[in-house]
Amino acid sequence: MAARVGDDALVATDRKRGFETAGDMIRSLALVGAVVALMIFLTLRQNDDPVKAIDYGDSLQAARSAASYPVLVPAALPTGWRATSARTSPDGQGVHWHLGLLTSGKEHYVGIEQSDGGDPRFVREQTAAGVEQGTAQVAGRSWTVLRSDAKDQVSLVDTSGGVVSVVTGTLPLAELQRFAETLRGG
């Protein structure tokens, strides 16, 4: 509160606690709101690239320890490609290995899926219910080609040795074949 003394001079007087005015409350809330808004702005800045690359080495080791089959991985990733997901999980009576990749420019997705679990739905699920389109020779083996128009996805499927291997993605078939040729099992 201010008290008038003499010729229009104002002198501040002490207010007792609990007698603040509505203006005091509004100024305090505005200050707190500004601090909260600044904190939100600093912590929620838009990330330029929400897809993070991962190191799949630990997941690969887990897969190789758990699986009874040679786990497929690329000998080297093409320039600009990055791994974005990798996991090993139980699949029926076997092990499911997954490695997900994005091409340079994030234009296409490629996945490597393997299982020895014997689930008849595995190929259907991994190929987005792809329809058989024939075969393709990849690294000396014959792979079945499946295409799913629903997801604009093409897949290569190999079912040799009690293991189902699926290389799938949104790449054109020729590029998917070139990528599949780089895969090594271990």
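The model is predicted, so local features need pLDDT of at least 70 and side-chain atom pairs count only at pLDDT 80 or more, while totals for chains, interfaces and linings use all residues. Residues are numbered from 1 along each chain as its sequence is written, and side-chain values use heavy atoms, with hydrogens and water left out.

Let's start inside. A nonpolar core here is a set of buried Ala, Val, Leu, Ile, Met, Phe, Trp, Tyr and Cys residues joined through side-chain atoms within 4.5 Å; buried means under 20% relative accessible area, exposed over 50%, and partly exposed in between (1.4 Å probe, protein chains only). The largest such core has 30 residues, and Leu 156 and Phe 179 are among those with the most contacts inside it. Strand S5 (residues 94-102) supplies the largest share, four residues; strands (E, at least two residues) and helices (H or I, at least four) are DSSP runs, numbered from the N terminus.

Phe 179 also leads us to the rings. Rings of Phe, Tyr and Trp (its six-membered ring) pair if their centres lie within 6.5 Å, with planes under 30 degrees apart counted as stacked, over 60 as edge-to-face and the rest as tilted. The count comes to one aromatic pair. Trp 81 and Phe 179 are stacked because their ring centres are 5.1 Å apart and their planes meet at 25 degrees. The partners sit 98 residues apart, Trp 81 in the loop between strands S3 (72-74) and S4 (82-91) and Phe 179 in helix H4 (residues 173-181). Trp 81 counts as buried at 16% relative accessibility, and Phe 179 counts as buried at 4%.
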